[in-house]
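Please look over the sequence and the model shown here before turning to the report, which moves from the whole chain to single residues.

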Amino acid sequence: MSTAHTDVEQVELANTAFYEAMEQGDFDTLSSLWLTPADLGVDEEYHDPADAGVISCVHPGWPVLTGRGEVLRSYALIMANTEYIQFFLTDVHVSVTGDTALVTCTENILSGGPAPDGSDELGPLVGQLVVATNVFRRTADGWKLWSHHGSPVLTESDDDDGDDTPS
């Protein structure tokens, strides 16, 4: 098996692990999948670890988040406020160049919030379509996330009559 083929498979596994950690609400695993200053050979004694090798994340509708603290806090918030989430990934494409990998995909997301008061059932389930770009960097411990960017896919509403003339 070629090294390039192996790299693509390893990046696919890292990408899958990222989404599985979200689905399982496993914050520790999710945190371990993101780059750390140590992964980049940065001496944290002399550099602010929040700024070293800045990771970034853009959730749909959110401003850009930079640094491990901001990025991981956002995932902790999402996990704390999402009772159920499942990702069905489609259109997955992996490209590897040297120690950097780019994954583009469509996230078909099904999620539900907390149960209504006095109920043991999930809140209403909501579907969402997001296109995502995940950038990975090779480390001594395998491929780790450097950046995630998710953008909502706009769809026509059922109210549209197909007429393109302004109202």
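## Overall make-up

The structure is a predicted model, and its chain contains 3 helices and 6 strands. Read from the N terminus, these elements follow one another in the order α-α-β-β-α-β-β-β-β.

Of the 167 residues in the chain, 31% count as buried, and the chain exposes about 10,100 Å², of which carbon and sulfur atoms supply 51%.

## Packing of helix 1 and helix 3

Helix 1, which spans residues 3-24, packs with helix 3, which spans residues 68-80, at an angle of about 45 degrees, and the axes of the two helices are 9 Å apart.

On the side of helix 1 the contact is made by Phe18, Ala21 and Met22, while helix 3 contributes Tyr75, Ile78 and Met79. By residue class, the contact of helix 1 with helix 3 consists of 6 nonpolar residues, with no polar and no charged ones.

## Ser56 and the cysteines

Where does Ser56 lie, and is this residue buried or exposed? Ser56 belongs to strand 1, which covers residues 56-58, and its relative accessible area is 19%, so that Ser56 counts as buried, the cut-off for this class being under 20%. When neighbours within four places in sequence are left aside, Ser56 is in contact with Trp34, Val64, Leu65, Thr66, Val71, Trp146, Ser147 and His148.

Cys57 is buried as well, with a relative accessible area of 0%, and Cys105 is also buried, at a relative accessible area of 3%. The count of disulfides in the model comes to 0, the criterion being a pair of cysteine sulfur atoms within 2.5 Å.

## Thr155 after strand 6

Thr155 is located in the segment that comes after strand 6, the strand formed by residues 142-152. With a relative accessibility of 60%, Thr155 counts as exposed, since that class takes in values over 50%.

Thr155 can also be related to Leu129: the two residues are 26 residues apart in sequence, and their C-alpha atoms are 9.0 Å apart in space.

Notes. Residues numbered from 1 in each chain as written. Predicted model: local features only at pLDDT ≥ 70, side-chain atom pairs only at ≥ 80, totals over all residues. Heavy atoms only, no water. Axes fitted to C-alpha atoms, helices over the stretch in contact; angles between N-to-C directions. Helix = DSSP H or I, 4+ residues; strand = E, 2+ residues; numbered from the N terminus. Contact = heavy atoms within 4.5 Å. Nonpolar A, V, L, I, M, F, W, Y, C, P; charged D, E, K, R; others polar. Buried < 20%, exposed > 50% of the residue type's maximum accessible area, 1.4 Å probe, protein only. Areas by Shrake-Rupley, 256 points an atom, 1.4 Å probe, with all protein chains shown as cover.
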